[in-house]
Each structure stands twice: as structure tokens, then as C-alpha cells.
Amino acid sequence: LADYMHGKNVSFGIYSDMGTRTCGGYPATEGHEAIDAKTFAEWGVDYLKLDGCHVVAPGYAVGYPKMGHALQASGRDIVYSCSWPAYLGSNESEKPFAAMIAAGCNLWRNWHDIQGNWASVCSIIDHWGDFGKVLQASAGPDGE
């Protein structure tokens, strides 16, 4: 599949969760970080979105770095999208962005998923308006 997609100049992304199961209830990565990262690399995966359902807050600071280090050791550059901050509440000034960068997260989802309605879009715009200044310190390559 990856060869076909790469042949079409399309990147190959995959989804998992840092817990024992995904948000949809399927088996996930916890305890299998190294083998999952190696498998994703062998498959030619270019992008991993790692969610955080079914995990309690202290586990994020352990699970996301485990997968980040496993991806870095896989031998393939895989863009790592962490949902870590989305599970830590609404106050962006209290989120450990330096730890997320150190964990290998290339990007992250900070807040709620967008829904198919204008109220959802407006709430997201308002959120970024409230915290834009705070987030500037962690924006850009390597949080610069």
C-alpha cells in the first residue's frame, strides 16, 4: 500500500493510540511501542497520529515519549502527531510543550476535534484567540 501511495506522490499515514485500545475500541500501542514503530517503518509509514483515549493523565508523560523514542530508533523519518495536549484541559499555558518536543512530537492536537457545525468552528477560533500569545513560544521548528 505504501509503495502504491508513494508512487502517486502521496504520503502514507496511520493512526493508533498510546493506550491499550484506540478511541474506537481497537487494539493499540501501549506495551508494543518498539514493535509498532518498527512495523510502521517497515510498512513505509510517513505519518503517525497517536491518540490518547483510555489513558489517565499521568500516563501521557510516559507513553508519548516511549513511542517518540521508538519512532526515532525505527530508522525511518515518521512525522509524529501527538494528541497529548488535547487531554490536558483548556489552559494552554499549563501544558508541558517542552516535554512534548523532547518526546519527539512534531505536532500535536491541542484542543477539541472540529465538529460539522459553526459553533464548533467559532469555539476553536475563540480558543486560539485566547491562547495565541502563549502558544507562540512552542510554535515552529523545535519550538522556536
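Guide: Start with Asp51, which is buried at 6% relative accessibility. Buried means under 20% relative accessible area, exposed over 50%, and partly exposed in between, with a 1.4 Å probe and protein chains only. This is a predicted model, where local features need pLDDT of at least 70, side-chain atom pairs count only at pLDDT 80 or more, and totals for chains, interfaces and linings use all residues. Residues are numbered from 1 along each chain as its sequence is written, and side-chain values use heavy atoms, with hydrogens and water left out.

Visitor: Which residue forms a salt bridge with Asp51 at 3.9 Å?

Guide: Arg109, taking the closest N and O atoms. A salt bridge here is a side-chain nitrogen of Lys or Arg within 4 Å of a carboxyl oxygen of Asp or Glu. Asp51 is in strand β2 (residues 47–51) and Arg109 in the loop between β4 (107–108) and α5 (118–136), so the pair ties together parts 58 residues apart in sequence. Helices (H or I, at least four residues) and strands (E, at least two) are DSSP runs, numbered from the N terminus.

Visitor: Is Arg109 buried or exposed?

Guide: Buried, as is Asp51. Shared partners join Lys49, Asp51, Arg109 and Asp113 into one salt-bridge network. Within it, Lys49 meets Asp51 at 3.1 Å, N to O.

Visitor: Different topic. What does Glu42 pair with?

Guide: Lys38, in a salt bridge of 3.2 Å, N to O. Glu42 is exposed at 56% relative accessible area, while Lys38 is partly exposed at 46%.

Visitor: How many salt bridges in the whole structure?

Guide: Six.
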